[in-house]
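Here's a quick tour of some helix packing. Have a look at the model first.

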Amino acid sequence: MSDINHERLAQATHQAVEYLLNEMQPEGYWKGELSSSALSTAIAVSAMAVSELEAHANRIATGVEWLAQTQNSDGGWGDTSTSPSNLSTTLLVIAALKLSKQDHLAASANANTYIEAHAGSTPDEIVKAVTNIYGEDRTFAVPILMNCALAGMVPWSSVPSLPFELAVFPQSLFRFLRLHVVSYALPALIAIGITLFHRNPPKSAMSRYIRQAVMPAALAILAKIQPVNGGFLEATPLTGFVAMSLGSVRGARHPAVSKCLEFISASQRDDGSWPIDTDLSVWLTTGAVAALDRAESLSRLDVSHTAQWIGHQQQQAKHPFTGASPGGFPWTHHPGGVPDADDTSGAVLALLGLNQSDAAAKGVSWLRGLQNSDGGWPAFCRGWGQLPFDKSSPDITSHTLRALHAFGQHSTDQPLKAAIANGYAYLHRTQNEDGSWIPLWFGNQATETGHNPVYGTARTLLAYAGSHTSHMESGKGVKYLVAAQNSDGGWGGAPGIRSSVEETATVLSALCQFSSRPGVSEVIKSGGEHLITRVEDGSWTEASPIGLYFSSLWYSERLYPVIWTVEALGSLSALQNPISRIGDDVSSA
């Protein structure tokens, strides 16, 4: 690593650290900024148009205008303004234009051309195309078709029903019920299920009687799990689907609908658009702490202030939404956040770095209770099923292993050691033949499948860097990343995909932990020079839409390239200074 110019590296690191510190809020946390979303904007417009068209006329008009201005040249819309068009978002925009009664003729004509090319021109073809996209998972397919039905684009009879009556069962039994939706979609299951019951009642008299009888109880559950600010998961799409569906049969004055509309109104941006979520403040803050720690810059923080803020986000009671036990952390400090394994792992690592072991211990206990029988960790709920976010995934499992290992590295707790061993066994089974792992929360729009094996492999390898056991998986993973490097020195989401700051920084942070492997040092050198050059020319803060929100919605986050660049440059600096070297590979496996 001596071949990287010390002065350039030091200057780039200083610049990146200063930028990140300047982004910190006075309260000691980072909130970032998610990209505006055509999908969120369309759903918000539809929700307001269905429930209170006249009352929200101005907000609807500015939302429609933003949609018209961000239409892609092929007639469709993508999830972000830099995303390629997709059928789901385009259908939702067309539905919004129809429901708002502000139909832009040119935009609609071009969009219809796109829809005909990718689905067909008839309602049956549209329904078939949407269901083909999502398969058995009704989490997003049914809301989209419901929105289209409200706009008169497809018949109500073609929208699959949702068994809202199952919501009245105890949460402990949900894992045994075939809900057809993932755990986080419970509000949609209830609200859309009730709407579909009204719009297209079942033929069976017994089914109609049972559903009518349990409807009050289901609505009571919806009220119980709705946050005080009205926003389910702080997410405009989920909140908007609840508002438009329930509002269409119960009206805007229904308490749940009214609170949803308040949240949607408060979430609109000045340009008329909506993001997919309020912010990722907890996730960004714990990531920033880890990055500053890697860059040996934690002393620049008011450590107790930031530690207190993170600790305050720990859930102290059973969560009404998922029934999660106390001890977990959500992704945001706003009321709609739900505790999950990824954010809890990040919080545990940050709290340990800030010497807050008590709160970290509670987080570790929470994580241990979430482990699935396959040895991996899901996002939210243990054992719910085989749909995304409820089944185990490599990136969440590796993050959890890092947290457990950091907490228990001097522990003789045998159950903890067994949990860690089972986690590594899961990672062994899920590694691909080429040495890569596929992450849950991140993708790349330019790859054929939308997957991001480069990011997934880099983050998973960090779990092996912290292990004192030799694992052949790490060797295969390192070889994959080395082979995936582009000719410019950077990395994209897969071999041959255009380099981004986010992916390059993430890979460098991982490979720096394995610099003793043959040939890795030269790869790190060229990758480091690429990243330093991006800092020097100012392009390092350009965010790429590599984030995958619920139901695979693309987003970019303004602080991702900043935080991950600080982490990577800190890792490079540690290699140049052996005294402060952190976590270099302990084996040559």
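## Ground rules

This is a predicted model, where local features need pLDDT of at least 70, side-chain atom pairs count only at pLDDT 80 or more, and totals for chains, interfaces and linings use all residues. Residues are numbered from 1 along each chain as its sequence is written, and side-chain values use heavy atoms, with hydrogens and water left out.

## α10 and α11

Helix α10 (residues 236-250) packs on helix α11 (residues 255-267) at about 140 degrees, with axes 9 Å apart. That makes the pair oblique (angles under 35 degrees count as roughly parallel, over 145 as roughly antiparallel, 65 to 115 as roughly perpendicular, the rest as oblique).

On the α10 side, the contact (heavy atoms within 4.5 Å) includes Val242, Ala243 and Leu246, while α11 brings Cys260, Leu261 and Phe263, among others. The tally for this contact is nine nonpolar, five polar and no charged residues.

## α15 and α16

Helix α15 (residues 357-368) and helix α16 (residues 394-408) pack at about 130 degrees, their axes 10 Å apart, and are therefore oblique to each other.

Ser357, Ala360, Ala361, Val364, Leu367 and Arg368 of α15 meet Thr400, Ala403, Leu404 and Phe407 of α16. Those residues split into seven nonpolar, two polar and one charged.

## α19

Helix α19 (residues 472-483) has 12 residues, so at 1.5 Å a residue it should span 16 Å; its end C-alpha atoms sit 17 Å apart, which agrees (the expected span is 1.5 Å times one less than the number of residues).

Its buried residues (under 20% relative accessible area, 1.4 Å probe, protein chains only) include Glu473, Val478, Tyr480 and Leu481. The buried residues of α19 pack against α17 (414-430), α18 (453-465), α20 (501-511) and α21 (520-537).

Terms used: Axes are lines fitted to C-alpha atoms, for helices over the stretch in contact, and angles run from 0 to 180 degrees between N-to-C directions. Helices (H or I, at least four residues) and strands (E, at least two) are DSSP runs, numbered from the N terminus. Ala, Val, Leu, Ile, Met, Phe, Trp, Tyr, Cys and Pro count as nonpolar, Asp, Glu, Lys and Arg as charged, and the others, Gly among them, as polar. Buried means under 20% relative accessible area, exposed over 50%, partly exposed in between (1.4 Å probe, protein chains only).
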